[in-house]
Amino acid sequence: MRALLLGLAAMASAAHAQGGGREQALVRMVRQDCGSCHGMQLTGGLGPPLTREALADKPLDSLVATIYQGRPGTPMPGWRGMLSEAEAVWIAEQLVNGFPQERRAAR
Amino acid sequence: MNRLDRRHLLGWAGAAPAAALLGTLPAAAQAATAASPTGTGDLGVVIERARGTLALVNTSSRTLLAEIEGLGDLSHASVVFSRDAGTAYVFGRDGGLSKVNLLSRRVEARVMQAGNSIGGSISQDGSLVVAQNYTPGGIKVFDAKTLELVADIPAEVAPGKLSRVVGLRDLPGQRFIFSLFDADAIWMVDLSDRSKPRVSKLEGIGRQPYDALITPDGRHYIAGLFGEDGLALVDLWDEVPTARRILGGYGRGEQALPVYKMPHLKGWAVAGRHAWLPAIGRHEVLVVDTATWQEVGRVAVAGQPVFVMARPDGRQVWVNFALPDYHLVQVIDTVSRQVIKTLEPGKAVLHMEFTPRGEAVWISSRDANRVSVIDTQGFETLARLDIDAPSGVFFTSRAARLGF
């Protein structure tokens with residue numbers, strides 16, 4: 001698993017290198033769409049909080065698996081239809097480090 | 001026409017857009033307008049999700065009147081209205097409960113009543129406002145005038161263990177009903193004596209109730225179940241109400257799709273004698289006969305339904321969807337049970353609200369930063385309002401409707 005993760009992390013870095021457009025889209029997706037259950041500030045709702053503090057003792061690979069495959073028996077869906085696995089890794093990494101705020105255009 | 005007259009006319013024409021612009025001025029600049037006597041029946045509010053503001057709108061002129069700030073995290077906000085339809089109570093995700101005067105456009109009172117909140121209700125007589133909370137799990141009852149705490153009812157299902165509360169609805173007789181997501185239960189609370197709330201409980205109603213609706217007559221409470229195929233029904237006119245399962249096994253044992261967004265049941269999806277309900281994890285709307293509570297049909301739709309809402313006359317049912325199909329809205333004709341129209345009003349449709357008598361529907365498109373006003377007969381777009389990341393749309397006509 002660890003080797004797989006390292007591979008995925010490398011892919012995530014590749015995704016990172018592709019530029020900020022997709023990352024911005026992922027940030028928006030987490031804030032807005034994940035936010036419908038976890039809260040836009042990720043402080044929790046029907047889903048648990050996803051703040052840095054709340055995730056402090058969670059291993060990265062279990063976060064990635066939860067994002068990508070979902071958690072059976074709970075409302076958490078697998079997001080594999082929406083994300084690549086590398087993107088799930090990227091999101092998990094951002095979450096444990098404190099998820100970035102969405103960049104919003106001035107109105 | 002001579003030149004002078006013409007210039008005069010042009011002058012008037014030039015003045016018209018200036019008057020229209022008034023609608024976009026900040027609240028302070030409109031104090032004079034706000035102070036003049038006016039009704040509230042064609043007012044409404046739209047949640048600006050990201051900015052934590054409330055957009056005040058007029059549903060007759062289809063204009064944005066003002067924006068009211070300082071309401072906290074509104075990422076899953078909902079609103080109920082006072083009986084005089086002059087006050088909006090705004091329940092924020094962060095547990096903030098705000099009382100907003102729609103005429104003065106000011107926040108008159110605000111309390112932080114929980115850590116994580118999911119909405120609220122107002123009592124039959126308008127004297128009590130109740131919030132339903134995830135953290136701490138339970139409901140809190142407030143005086144509608146002052147927002148002073150009247151009762152705190154934790155959803156304690158085992159010593160020290162609280163359940164998240166969903167599906168709170170008002171019932172006749174100063175009563176409320178709600179579901180416990182973590183405890184597979186439905187509780188009712190009677191607040192006719194506000195100093196002595198009386199709680200009655202129904203256990204084992206089905207796995208993971210996620211939201212609920214009350215029929216327009218206040219008789220039937222229906223909780224959607226996430227943890228199983230089916231819904232829980234309570235007939236509140238029974239001497240001793242019980243919960244029974246309806247539509248058991250509607251998924252026919254097939255693997256449900258991943259649910260990227262929970263359906264919402266608030267919004268009467270009762271049209272005539274039928275209830276129209278979202279199927280969980282399926283691209284279907286279920287049709288149920290409210291006399292027998294048997295399924296009488298199902299309509300295939302473009303995605304997983306989130307809101308299934310009947311136009312006030314019940315002739316149409318409008319449906320929006322979870323992502324990835326949330327750029328679509330579909331209209332079902334309730335007589336033929338056919339999808340008669342598919343609309344694309346803008347990406348990330350989060351909510352719909354009918355005008356009081358249903359000639360138009362307002363649809364919020366979060367990612368398009370737009371609310372579209374659409375004619376429900378011809379489906380043409382009557383107006384578009386620029387509103388930042390709009391989510392819930394709430395019109396004051398809710399003030400007079402049970403369950404809203």
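An open sheet of 4 strands in chain B has the order 3-2-1-34, with antiparallel pairing. Strands here are DSSP runs (E, at least two residues) and helices are DSSP runs too (H or I, at least four residues), numbered from the N terminus. Two strands pair if DSSP finds at least two bridges between them. Strands of a sheet pair through backbone hydrogen bonds, either parallel or antiparallel. The edge strands are strand 3 (63-68) and strand 34 (390-395) of chain B, each of which pairs on one side only. From one strand to the next, the twist averages 25°. Axes for such angles are lines fitted to C-alpha atoms, for helices over the stretch in contact, and angles run from 0 to 180 degrees between N-to-C directions.

The structure is a predicted model, in which local features need pLDDT of at least 70, side-chain atom pairs count only at pLDDT 80 or more, and totals for chains, interfaces and linings use all residues. Residues are numbered from 1 along each chain as its sequence is written, while chains are lettered from A and ligands numbered from 1 in the order in which they are written.

Within the sheet, strand 2 (residues 53-58) of chain B runs antiparallel to strand 3 of chain B, and 5 bridges join them. B:Leu54 stands opposite B:Ile68 of strand 3 of chain B.

Strand 34 of chain B holds B:Pro390. B:Pro390 is buried, because 29 other C-beta atoms lie within 10 Å. A residue counts as buried if 20 or more other C-beta atoms lie within 10 Å of its own, as exposed if 12 or fewer do, and as partly exposed in between, with C-beta atoms placed from the backbone. Leaving aside neighbours within four places in sequence, the contacts of B:Pro390 include B:Val46, B:Ile47, B:Ser364 and B:Val371. Contact is set by C-beta atoms, placed from the backbone, that lie within 7 Å. The C-alpha atoms of B:Pro390 and B:Val371 are separated by 7.0 Å, and these residues are 19 residues apart along the chain.

Chain A has 4 helices and 0 strands. Its pattern along the sequence reads α-α-α-α. Of the 107 residues in chain A, 33% are buried. Among contacts in chain A with a separation of 6 or more, 56% come from residues 24 or more positions apart.

Helix 3 (residues 60-69) of chain A has A:Val64, A:Ile67 and A:Tyr68 buried. Seen down the helix axis, the buried residues of helix 3 of chain A fall within an arc of 90°, so they line one face of the helix. The arc is that of the directions from the helix axis to the C-beta atoms. An α-helix has 3.6 residues a turn, so residues three or four places apart point the same way. Helix 4 (85-96) of chain A is included in what covers these buried residues. A:Gly70 follows helix 3 of chain A and has a positive phi, near 80°.

The contact between the chains takes 20 residues from chain A and 21 residues from chain B. On the side of chain B that touches chain A, strand 8 (116-122) and strand 9 (128-135) of chain B are the elements that give two or more residues.

Over residues 1-25 of chain B, pLDDT stays under 50, and the model has 6 contacts beyond four places in sequence for them. For the complex, the predictor gives an ipTM of 0.78 and a pTM of 0.87.

Definitions and conventions: Contact = placed C-beta atoms within 7 Å. pLDDT = per-residue confidence, 0-100.
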